[in-house]
Every structure is written in C-alpha cells, then in structure tokens.
Amino acid sequence: MSDIDFNQPLSPWQIVQLARTSGRPLIGDYIQGMCSDFVELHGDRAFGDDRGLIGGFATIGGERVMLIGHQKGKNVEDNIKANFGMANPEGYRKAMRLMKLAEKYHLPVVALVDTPGAYPGLEAEARGQAEAIAKNLTVMATLRTPYVIVVTGEGGSGGALGIAVGDVVLMLQYAVYSVISPEGCASILWRDGKKAPEAAAAMKITADSLLQLGIIDEILAEPPGAAHCDPHTMVQTVKDAVLKHVQALKSLTLDDLTAKRYAKLRRMGSATLA
Amino acid sequence: MAWFEKLVTPPARIATEAVWAVCPACKAYVPREEWNSAWRVCPRCNFHDRLTCRERIELVTDAGSFQELNAHVSFADPLKFEDVSGPYAAKAKATVSKTGLGEAVVTGGAKVDGIPVVLGVMDFRFLGGSLGSGTGDRILLAAEEALRLRQPYIIFSASGGARMHEGIISLMQMARTCAAIARLQEAGIPYLSVLTDPTTGGVSASYAMVGDLNLSEPKALIGFAGRRVIEQTIKQKLPADFQTAEYVLEHGFIDHIVERKAMKRFLASALRYAGQ
Ligand SMILES: [Zn+2]
C-alpha cells in the first residue's frame, strides 16, 4: 500500500485495498491484544466446527464477554484452514449457539466482522446457508444481552450480517461494508468486473458514507498509514471503544435494550420511517 | 394421438399470444383460457409459471377480502445510484409505471377460507423482486400489523435477492424484516413463508427461510448463492436438481411442496392447526 498518498482523500477503491491488505490485524491479533483471557468454544452441536467463524469466552479490560468473529489466516496455509474467512452454515450455527449461551450467562456479545462473504459452495447450500444466516438475524434482533459489532476489515454482505445485528455498530476508518463485492457489483451492473472502482464508489461502502447513511454508529480512527502499519495501536483503539460501549449498554434494563434495538432496526435503512 | 400431443402441435397461423400460451418448460401450446384458469400451471408437464402478485392474491384469498396496506410506501433511492445503464431512480420509475406496483411486494389484510390474515406477496416483475428499502418497509409494517391484530402473517416470496442499487441499505432490509418477524415469533403469532420461483440471495437468507412452516411450489428455484458463482468457486458441475424446491425439501429446509391448485386449502388447513 506504499502507493497510497494519505495526504490526499482516499478513493473508495483504495480503501477496499486497505481493508483487504495483508498485515491488517485479524481476529487472532484482537484476541491476543485486547483479551486477558480467551476460551475458545467449538462446534455447532450438529455438523462440525467451522474455522472461518470462531468464538468463545473472553475478558476484555475486566469485562467478561462472548467474543465471536470471522477468522482469516495470516498465510495461505492458515487461510485454507479458515476458508479465507468465509463461513459455512455450521459457523453461523455455532455463532448462534454462543449468542444464546451469552444470553443465558448474561454476557455481552462482541462480534468482529471481517469476511468476503458467506461461503458459496455446494455443501454450504445443501446444509442450508440461507437458513443459518436468516435464523441468526431473528436471534440477534431479540437477544436479551448487549451486542456490540466492530467491522474491522471486509464486511461482506449476508456473510457479515449473519453476526452483525446488534445495539452498536463500530467500523474501522478503512474497513468496508457492502451488499456485494465491488467486483461482483461491477460484473453484474457494469457487465465488467474491471469497473470495480466505479462500483465501489457508487455503492457507498466506506465508513464515512455508512455513518452518513445511519448504518454505523461510530468510526474508529486508524493509525497513520492505516491499521497494518501499527496493529498494536489499532487493537488498543478497538479495545477502548468496545469497553466504552459494553459498559454503557450494560446500564440499560434488558427490556429497554431490546426495545431500543428494535427501534433502531426499524428506522435504519427505511424508505419512509423516520 | 395422446391428449398432450394435441397440446404441442402449434395450430397454424392462429398461434397468437392472445389465443395460445406456450409453456416455458415443455413448449406445449395450451389454449390461453385453459392456461389462465389453471393459474399458469402446464397441463402437460405441471410446470408452475410465475404469477403476478395480483394473480397470487386472487388465488389464495377469499374473493374481495384483500385490503391493501401501505400502498403509499414506494421505492427510495438512498444512494442516488447510477450505473452504466443510467440512474436507478429512472429505472425504478419505469418499473412502477410498467407494473402499476409501487414496490416489489404488495401487503394487506385478507381472508383465507374465512380466516383473517395479514398477507405479503412479492412480484418478480418489479426489479426481479429485489429487496429494497420500500420492500423492507412494507414487509416490516405488515408484520407490525399482524402483531397488532394478533393475526397470522403469510409471505409469498419471489426474489433474486438484494437490490444492488440500494447498496448497504438493501442488506439492512434483511435485518429489519427479520427483527419484525422475530417479534411475531415471541408473541406466538403464526408466520407462514411460501418460497415461490425464484427465492434466492438476501430474501432466502432472511424472512423467507424462517417461517413456522416453509412451503414451496414444485420445481421452484430456492438457494442462497447463484449457481454460476458456486460453479466458479468449487470448480465442479452442480447436480441438475440443485436448488430446486425438491432438493431443498430433501435437505430439510422446506416442510411441504404444495401444488398451486391446492395452496389455498393447504394454508387454511395449516392456519386451523396454528390457531388452536
Ligand atoms: Zn409444460
């Protein structure tokens, strides 16, 4: 990313490159840097243990939470194991199990989002990718515990949303969040995948645009040169923001919390409801 | 000559669209009157052709019982989106005047065999049944009406998925509609989902898949990712029946495939179990 001049405003396409850049902090870095304790919990109790979407008990600055998030690998070998952060249905079902467990144990949920999308495969379809994501959307909407989301890298469509419905959505300055990849949008609406930079701009997928559209609540500033240049500082920024919001949400009654969440979802992205 | 062979022989010169329908699946010529009175189901191969939302409403509700809700809610253009073929707003406006619909779903109160329900019926003709903010609003508001009236909610889906022209706003409709459905579940209000041809992408991965009952029609296309995307990803050919209603039922995600002519009866019967 040495060709990016940070003294100029970055184009959405440049921000896409930053969101995908290697060396950007991944879930493993966040667990290591912001959790004094992490106990991974495996499996969906029905099919298997997805490595593209992981979770477990975590302690962040003294707060006990349930941490879930997409897992990308640091290298090709790890990435193949983690399926490049593209979860299968069993990943979403494991996440749902952990959400329910968090509710039962009165633990806030912290979800870290970084995925190109849910895995588009034969087996994924056979095991009900659509149902797994849909079910999570209904569970998160009514979950009786605080739910904080951080979009750390790529927020890829339904695969991202499948763990990203909650009370507060934070987004890193150079993360992206979109309904389809710029390449996918370009190949459909421009009939040319090479028009991805145009599609990236038209779809308004950067943190600035999403804040204006009311889809996210707060932008977390990245260190000079973006997160990969100083992962330590980035992880601290995320930790502080997560703690602040977890503590604020814990002060609400569960009835108020879920009522506010529904009111937020009702307004968010509406054509007519103010 | 077998009865169906008569149907495949195109009657010379008078094979006009007004008199004859051509089955898109088996190419049989069927008298238009017969085609329409069978709700666009082919008498030869049982192909279930797509219905408009008005036809669907007529099919499953008691005559004259449908009262539309929120007809004023129309499409929005939150991103001021423009692609290589022009502005989205112009495309959407053209679709509104062509179809007479304000959005990709029509919602309202109705009766099914005397049972009061709230109904949502999607229409593929409106931008491929795509899920825009206006679509989401109508589905959410109808769910709230079902909750208020404590009446069952039925949605017939027909959608290619997200409306890319509304970007992230389209994605959020999945969350909003599911939030409204989740409140029905909490309140014990029945919610029946009928996945008609096609129900894919963001609609299959939201309200369409979380019915108390998930129903479908023969051979309807149901899936999350597109066939081409999957083939490119896994680099292998997919089975012929992949993502059909029958395939999805076999894998455990559909309760029942219902023939079109039996749909109203089926819904009424299910609602009587639900209303105990
Ligand atoms: Zn036919």
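Predicted model: local features only at pLDDT ≥ 70, side-chain atom pairs only at ≥ 80, totals over all residues.
Chain B contains 10 helices and 12 strands. Its C-alpha trace spans about 60 × 50 × 40 Å along the principal axes, and its radius of gyration is 19 Å, which agrees with the value near 19 Å that a compact globule of 276 residues would have. Of these 276 residues, 57% count as buried.

The zinc ion is held in chain B by four protein donors, namely the SG atoms of C23(B), C26(B), C42(B) and C45(B), which lie 2.2 to 2.4 Å from the ion. Along the chain, these donors follow the spacing C-x2-C-x15-C-x2-C. C23(B), in the loop between β1 (20–22) and β2 (29–31), and C45(B), in the loop between α2 (32–37) and α3 (53–60), are 22 residues apart, and this pair links distant parts of the chain. The angles among the 4 donor atoms run from 106 to 112°, and the site is tetrahedral. The two cysteines of the pair can also be described by their accessibility: C23(B) is buried, with a relative accessible area of 0%, whereas C45(B), at 32% relative accessibility, counts as partly exposed.

Over all chains, the structure holds 6 aromatic pairs. One of them is formed by F57(A) and Y105(A), whose rings are stacked, with 6.3 Å from centre to centre and 25° between the planes. F57(A) belongs to strand β2 (residues 53–60) of chain A, while Y105(A) is found in the loop between α4 (89–104) and β4 (109–115), so the pair ties together parts that are 48 residues apart in sequence. F57(A) counts as partly exposed because its relative accessibility is 26%, and Y105(A) is likewise partly exposed, at 44%. In chain B, the ring centres of F75(B) and Y88(B) are 6.0 Å apart and the planes stand at 70°, so this pair is edge-to-face. F75(B) lies in the loop between β3 (67–69) and β4 (82–83) and Y88(B) in helix α4 (residues 88–99), so parts of chain B that are 13 residues apart in sequence are tied together by the pair. Both F75(B) and Y88(B) are buried.

Aromatic rings also take part in contacts with charged side chains. In chain A, the charged end of R127(A) sits over the ring of F47(A), at 3.8 Å from the ring centre. A further contact involves both chains, with the charged end of R183(B) sitting over the ring of Y262(A), 3.8 Å from its centre.

Some features of the backbone complete the description. The peptide bond that leads from D197(B) to P198(B) is cis, with omega near -15°, and P198(B) lies in strand β9 (residues 191–200) of chain B. In chain A, H106(A) has a phi near 55°, which is a positive value in a residue other than glycine. H106(A) is located in the loop between α4 and β4, and it counts as exposed because its relative accessibility is 61%. K204(A) is not a glycine either, yet its phi is positive, at about 55°. K204(A) is placed in the loop between α9 (196–203) and α10 (207–212) of chain A, and at 29% relative accessibility it counts as partly exposed.

Key: Residues numbered from 1 in each chain as written. Chains lettered and ligands numbered in written order. Heavy atoms only, no water. Donors = N, O, S within 2.8 Å, 3.2 Å for Na, K, Ca; no water. Tetrahedral: all angles 85-135°; square planar, octahedral: opposite > 155°, others 65-115°. Helix = DSSP H or I, 4+ residues; strand = E, 2+ residues; numbered from the N terminus. Buried < 20%, exposed > 50% of the residue type's maximum accessible area, 1.4 Å probe, protein only. Phe/Tyr/Trp six-rings, centres within 6.5 Å; stacked < 30°, edge-to-face > 60°. Lys NZ or Arg CZ within 6 Å of the ring centre and 35° of its normal. Rg over C-alpha atoms; globule rule 2.2 N^0.38 Å.
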